[in-house]
Amino acid sequence: MVAVSVWQESLFDTADEPGLRGLGDSVHRIELGGGAWLDHRPGWIERHDLLFDALATQVAWRSEERVMYDRTVAVPRLLASFAEGAPAPHPLLAEARGALVDHYRGVAGGDLATIGACLYRDGGDSVAWHGDTVGRGAREDTLVAIVSLGWHRRFALRPRHRGPRPLRFDLGGGDLLVMGGSCQRTWEHAVPKTTRPVGPRISVQFRPVGVS
């Protein structure tokens, strides 16, 4: 377990449990071209601070190492994963997955079944440029839905080849970002390191089976 905390809750947010706000017309679609698109829904999770604290303290976070070139290095974030059929780490995430499946019913890759999570402890934790192209994402249109909890961090996207300008989002506070269509094959995304004084952030990812 990891003992981290989020900021003081808002004086204007009186709910005592985390919850979901609506999707529908609140989701803003950004067409990227070449069959790729993004959906953005700021503040989807109500009382995201409570959900953050529950996940930070109750999930069995793990550290990993990976071989890069000629040496083994620590992955600069903590990880957790929940396969198809496994209980979600919090009831609200099961509800969120169901809401996403309903919203994207009939959309390629909308059969969201797995949950992954990353804990970025501070500005030194990051994820390098990549696309989720292991498995189905390498050859099929798919969805990857991300809920961002805790401190805001920059989420950057750039085309794999020459094309549209890179995009940057300041994600946190229960925001939802969905990458769809050909996005995993034609764009890359990253959470870069920062020297700004930032606290911890949790990224929760919903994916179809066979996409990583």
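Analyst: Start with two aromatic residues. This is a predicted model, and in it both W37 and Y104 are buried.

User: How are the rings of W37 and Y104 arranged: stacked or edge-to-face?

Analyst: A pair of aromatic rings is described by the distance of the centres and the angle of the planes. The centres of the W37 and Y104 rings are 6.1 Å apart, and their planes make 20°. Planes under 30 degrees apart count as stacked. So the arrangement of W37 and Y104 is stacked.

User: How many residues apart in the chain are W37 and Y104?

Analyst: W37 sits in strand β3, residues 36–41. Y104 sits in the loop between α2 and β8. The pair thus links distant parts of the chain, and the separation is 67 residues.

User: Which residue lies over the face of W37?

Analyst: Look for a charge above the ring. At 3.7 Å from the ring centre of W37, the residue lying over the face is R29.

User: Which strands are the edges of the open sheet?

Analyst: The sheet has seven strands, in the order β2-β3-β13-β10-β15-β8-β7, with antiparallel pairing. From one strand to the next, the twist averages 20°. An edge strand pairs on one side only, and here the edges are β2 (28–33) and β7 (78–82).

User: What is the bridge partner of C118 in β15?

Analyst: Strand β8 covers residues 112–120 and β15 covers residues 201–208. The two pair in the antiparallel sense over eight bridges. In β15, the partner of C118 is S203.

User: Is C118 buried or exposed?

Analyst: Buried means under 20% relative accessible area. C118 has 10%, so C118 is buried.

User: How many disulfides does the whole structure have?

Analyst: A disulfide needs two cysteine sulfur atoms within 2.5 Å. A search of the whole structure gives a count of zero.

User: At what angle does helix α2 run to β8?

Analyst: Helix α2 spans residues 91–103. This helix lies across β8, β10, β13 and β15. Its angle to β8 is about 130°.

User: Which residues does H90 contact, leaving aside neighbours within four places in sequence?

Analyst: H90 is in the loop between β7 and α2. Its relative accessible area is 15%, so H90 is buried. With those neighbours left aside, its contacts are P18, L51, A54 and L55.

Methods: Residues are numbered from 1 along each chain as its sequence is written. This is a predicted model: local features need pLDDT of at least 70, side-chain atom pairs count only at pLDDT 80 or more; totals for chains, interfaces and linings use all residues. Side-chain values use heavy atoms; hydrogens and water are left out. Two strands pair if DSSP finds at least two bridges between them. Helices (H or I, at least four residues) and strands (E, at least two) are DSSP runs, numbered from the N terminus. Axes are lines fitted to C-alpha atoms, for helices over the stretch in contact, and angles run from 0 to 180 degrees between N-to-C directions. Contact means heavy atoms within 4.5 Å. Buried means under 20% relative accessible area, exposed over 50%, partly exposed in between (1.4 Å probe, protein chains only). Rings of Phe, Tyr and Trp (its six-membered ring) pair if their centres lie within 6.5 Å; planes under 30 degrees apart count as stacked, over 60 as edge-to-face and the rest as tilted. A charge sits over a ring if NZ of Lys or CZ of Arg is within 6 Å of the ring centre and within 35 degrees of the ring normal.
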